[in-house]
Structures are given as C-alpha cells and as structure tokens.
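Please keep the sequence and the model side by side while reading.

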Amino acid sequence: MNDMVLYLFMFFTVTSAQPSHDGRKVYIVYMGALPSINDYVTIEDYHFSLVRSVTGKSYTPSLIVSNYGRSFDGFAAWLTEEESKKLSVMPDVFSVFPDGMLHLDVINNGGIHSGLRTRHL
C-alpha cells in the first residue's frame with residue numbers, strides 16, 4: 001500500500017507536462033532501488049551528472065524538476081525526446097517515460113469500492 005501511495009505521489013508531483021519553449025517536456029527517469037554511490041556526494045549530484053551527459057552544452061540545473069531518492073532512485077527532468085532515448089539505454093536507468101497527468105477512477109460495485117484504476121489523459 002505504501003508503494004502505491006509513493007508511486008501516485010511521484011506522478012502527481014510533476015503535473016506540468018506541456019512542452020516548453022525549446023521543445024522539451026518533463027520525463028520521469030526511474031532507476032530502481034537506491035544505489036550505494038561512492039563517486040558522488042549525493043544522489044542529486046548523480047542525477048545532475050546523468051542529465052548533463054545527455055544534454056551537453058544546453059545543460060542547466062533547472063532542467064531537473066524533482067529528485068526521488070527516499071524509497072527508490074529516480075528523477076523528473078525537462079528533456080527532448082532524443083535526450084530521453086539516450087538516458088533510457090544507460091546501464092543504471094530502468095525506464096524513462098513522459099510525465100502525464102493521471103486521474104484516479106474509483107470503481108464502484110454496488111456501493112462497495114472494489115479498487116482503483118488509472119486513466120491517462
């Protein structure tokens with residue numbers, strides 16, 4: 001149950017998925033379990049280095065929208081489609097997907113709530 005709440009929080013914390021002025025949109029980068037990072041001071045530094053490696057000269061720290069590093073490793077960042085594809089093939093990255101607003105629908109079965117489902121808009 002706690003994992004479900006955490007994943008829902010991840011999706012609802014980044015709600016602005018409209019393209020920015022330079023063709024970027026917000027992508028969620030999921031990296032799985034928290035790593036033991038020896039080469040970086042913080043997990044945020046590691047996320048910044050990954051984004052910097054795919055964005056090159058266009059990198060600014062403001063490209064990172066949010067860092068997820070309490071229960072799992074991941075972040076949200078303003079990226080182009082090409083940059084997201086580069087990130088998705090990196091060894092430490094489990095998946096990269098565009099942020100989108102999700103709405104929860106309560107399934108009502110005779111007055112008894114039998115579960116939740118999500119609907120992409």
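Leaving aside its neighbours within four places in sequence, which residues is Met31 in contact with? Contact means heavy atoms within 4.5 Å. On that basis Met31 touches Tyr46, His47, Leu50, Asp73, Gly74, Phe75, Asp92, Val93 and Phe94.

## Basis of the model

This is a predicted model, in which local features need pLDDT of at least 70 and side-chain atom pairs count only at pLDDT 80 or more, while totals for chains, interfaces and linings use all residues. Residues are numbered from 1 along each chain as its sequence is written, and side-chain values use heavy atoms, with hydrogens and water left out.

## Confidence

The predictor's confidence in each residue is pLDDT, from 0 to 100. The protein chain has a mean pLDDT of 75, with 60% of its residues at 70 or more. Confidence is lowest in helix 1 (residues 2-13), at a mean of 52, and highest in helix 3, at 94. Over residues 14-21 pLDDT stays under 50, and the model has 19 contacts beyond four places in sequence for them. Where pLDDT is low, the predicted coordinates should not be read in detail.

## Overall fold

The protein chain has 3 helices and 6 strands, in the order α-β-α-β-β-α-β-β-β from the N terminus. Helices (H or I, at least four residues) and strands (E, at least two) are DSSP runs, numbered from the N terminus. Of the contacts with a separation of 6 or more, 60% are between residues 24 or more positions apart.

Of the 121 residues, 32% are buried, meaning under 20% relative accessible area with a 1.4 Å probe, protein chains only (exposed is over 50%, partly exposed in between).

## Nonpolar core

A nonpolar core is a set of buried Ala, Val, Leu, Ile, Met, Phe, Trp, Tyr and Cys residues joined through side-chain atoms within 4.5 Å. The largest one has 22 residues, and Met31, Val51, Phe75 and Leu87 have the most contacts inside it. Strand 1 (25-32), helix 2 (43-55), strand 2 (64-68) and strand 3 (73-79) each give two or more residues to this core. Strand 1 gives the most, with 6 residues.

## Helix 2

Buried residues in helix 2 are Ile43, Tyr46, His47, Ser49, Leu50, Val51, Val54 and Thr55. The buried residues of helix 2 pack against strand 1, strand 2, strand 3 and helix 3 (81-88). After helix 2 comes Gly56, with a positive phi near 60 degrees.
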